[in-house]
Amino acid sequence: MPEASQTAGAPTASAPAPRPASNAPRPALNDLTAEAPREHAAPYGRPGKPLTKNPFLLGLTAGMGLLTSLALALALVTSYSVIVLVVVAMFLALGLNPAVESLQGRRLARRWAISIVFGGVILFFVLFGLAIVPPVTQEVASFVGAVPGYVQELLANPTLKELDSDYQILTRIGDYITSGGLAQTVAGGLVGAGAVVFNAFFSGVTLLVLTLYFLGSLPSIKDYLFKLVPNSRRERTRALGDEIINGIGGYVAGNLLISVIAGIVTWVVLAVLGVEYALALALVVAVTDLIPLVGATIGAVLVSGVALLQSGTLGIICVIFFVVYQQIENYLIYPRVMKRSVDVAPAVTVIAALFGGALLGIVGALLAIPVAAAIALIIREVVFPRQARL
């Protein structure tokens, strides 16, 4: 039967395909690569070795890093005044924050509390200007009016007459005045003084605006900064940060309170003694008393000098008063006011104030003590426990 023989002779579908001999040559890898489609090959050739060890690249990277560091340093130096304004504004905001929170504790909204506190600050500056500007203006006007008399007295002096006959001093002065040299000098001095006054006014307004901004957004700024800390350490960091902020605020508030006490006591004593411009001099003492270490001495010297010009007895009494009052302030008022704000050893306070004054002047001296207190708190709460566990 042909159909059966044909079926028997045909291979079945399940029969495996014949395997190649074991000694058959396999295609080489290069052959496979050569046979790969041309669209999969690199269109611009094979990439070379990385340039990580290329000396030119290393030098270029180092040079760019150096230029970047130099540009950042120049930017910091150029914006030094702006950085100081920002730091001082934040410092003042932290100092005014306890008063704001105290008003908030009496069920007053924060914005109204800020308005009241900030209004008090502006009122202080207005009173300071009203107390200082009229006496200074009056003294300048009196001096200008007395200049002709001083000139006549100098012209009548026999020594000056003899010097003028030998060296023609008055003639040269007259030539200098008539030639316009004096006018140019005075005009340049007035322009320079005007620029200084304008810069001081602009800086003062900027400082007040920044302080108001920081005071209004202080809670949100704190929350934002604490979110940068890992969650596992955020609670402890927040506790330490709040303690540091409270210490800085307490220091600023305490320093302001000590200055107010010094100004009030000085005003009462000068008014009783009959010293002219008692209120203006008392405000000068209050402002200079904010400067650590030397501020009280500067104010005492200025006020005693003004009183000495009025009367020798008044000058001596003022010197005795300031010596006694500074002892009372250093040993009674200052420790009682500052005992709850900053906990810094006296030697550390002096050293911190000296370093701060050398770096940033008066601003650095003001910031140095609370910064030293913050560093002492971190060492006491973080470094010492960690060292004890080792």
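In which helix does Asn 97 lie? Asn 97 lies in helix α4, which covers residues 80-104, in what is a predicted model. Asn 97 is buried, because its relative accessible area is 7% and the limit for burial is set at under 20%. The side chain of Asn 97 is joined to that of Arg 110 by a polar contact of 3.0 Å. When neighbours within four places in sequence are set aside, Asn 97 is in contact with Arg 110 and also with Leu 215 and Leu 218.

**Overall architecture**

The protein has 15 helices and zero strands. It comprises 390 residues, of which 23% count as buried, and it exposes about 27,600 Å², with carbon and sulfur atoms supplying 70% of that area. Among the contacts between residues at least 6 apart in sequence, 65% join residues that are at least 24 apart.

In soluble globular proteins, nonpolar side chains tend to be buried together. The largest nonpolar core here has 29 residues, and those with the most contacts inside it are Phe 91, Ile 248, Tyr 251, Leu 270, Val 275, Val 303 and Phe 322. Two or more residues of this core are given by each of α4, α10 (231-273), α11 (278-288), α12 (295-310), α13 (312-338) and α15 (362-389). Helix α10 provides the largest share of this core, namely eight residues. Ile 248, leaving aside its neighbours within four places in sequence, is in contact with Phe 91, Leu 94 and Pro 370.

**Aromatic pairs**

The structure holds five aromatic pairs. In one of them, the rings of Phe 124 and Phe 125 have their centres 5.7 Å apart and their planes at 70°, so this pair is classed as edge-to-face. The rings of Phe 321 and Phe 322, by contrast, have centres 4.9 Å apart and planes at 55°, and the pair is therefore tilted. Phe 321 and Phe 322 are both buried, whereas Phe 124 counts as partly exposed, as does Phe 125. Through ring pairs, Phe 124 and Phe 125 are also linked with Phe 128 into a cluster.

**Positive phi angles in two loops**

Where does Arg 107 lie? Its place is in the loop between α4 and α5, the latter covering residues 110-155. Arg 107 is not a glycine, yet it has a positive phi of about 60°. Tyr 277, found in the loop between α10 and α11, likewise is a residue other than glycine with a positive phi, near 60°. Arg 107 is exposed, because its relative accessible area is 83%, while Tyr 277 is partly exposed at 27%.

The relative accessible areas of the individual residues discussed above are collected in this table.

| Residue | Relative accessible area | Class |
|---|---|---|
| Asn 97 | 7% | buried |
| Arg 107 | 83% | exposed |
| Phe 124 | 37% | partly exposed |
| Phe 125 | 47% | partly exposed |
| Tyr 277 | 27% | partly exposed |

Why does Tyr 277 count as partly exposed? The relative accessible area of Tyr 277 is 27%, and partly exposed residues are those between the limits of under 20% for buried and over 50% for exposed.

Notes:
Residues are numbered from 1 along each chain as its sequence is written. This is a predicted model: local features need pLDDT of at least 70, side-chain atom pairs count only at pLDDT 80 or more; totals for chains, interfaces and linings use all residues. Side-chain values use heavy atoms; hydrogens and water are left out. Helices (H or I, at least four residues) and strands (E, at least two) are DSSP runs, numbered from the N terminus. Buried means under 20% relative accessible area, exposed over 50%, partly exposed in between (1.4 Å probe, protein chains only). Contact means heavy atoms within 4.5 Å. Accessible areas come from the Shrake-Rupley method with a 1.4 Å probe; for residues, only the protein chains shown count as cover. A polar contact is a pair of N or O atoms within 3.5 Å; within protein, one must be able to donate a hydrogen and the other to accept it, and residues adjacent in sequence count only if both atoms are side-chain atoms. A nonpolar core is a set of buried Ala, Val, Leu, Ile, Met, Phe, Trp, Tyr and Cys residues joined through side-chain atoms within 4.5 Å. Rings of Phe, Tyr and Trp (its six-membered ring) pair if their centres lie within 6.5 Å; planes under 30 degrees apart count as stacked, over 60 as edge-to-face and the rest as tilted.
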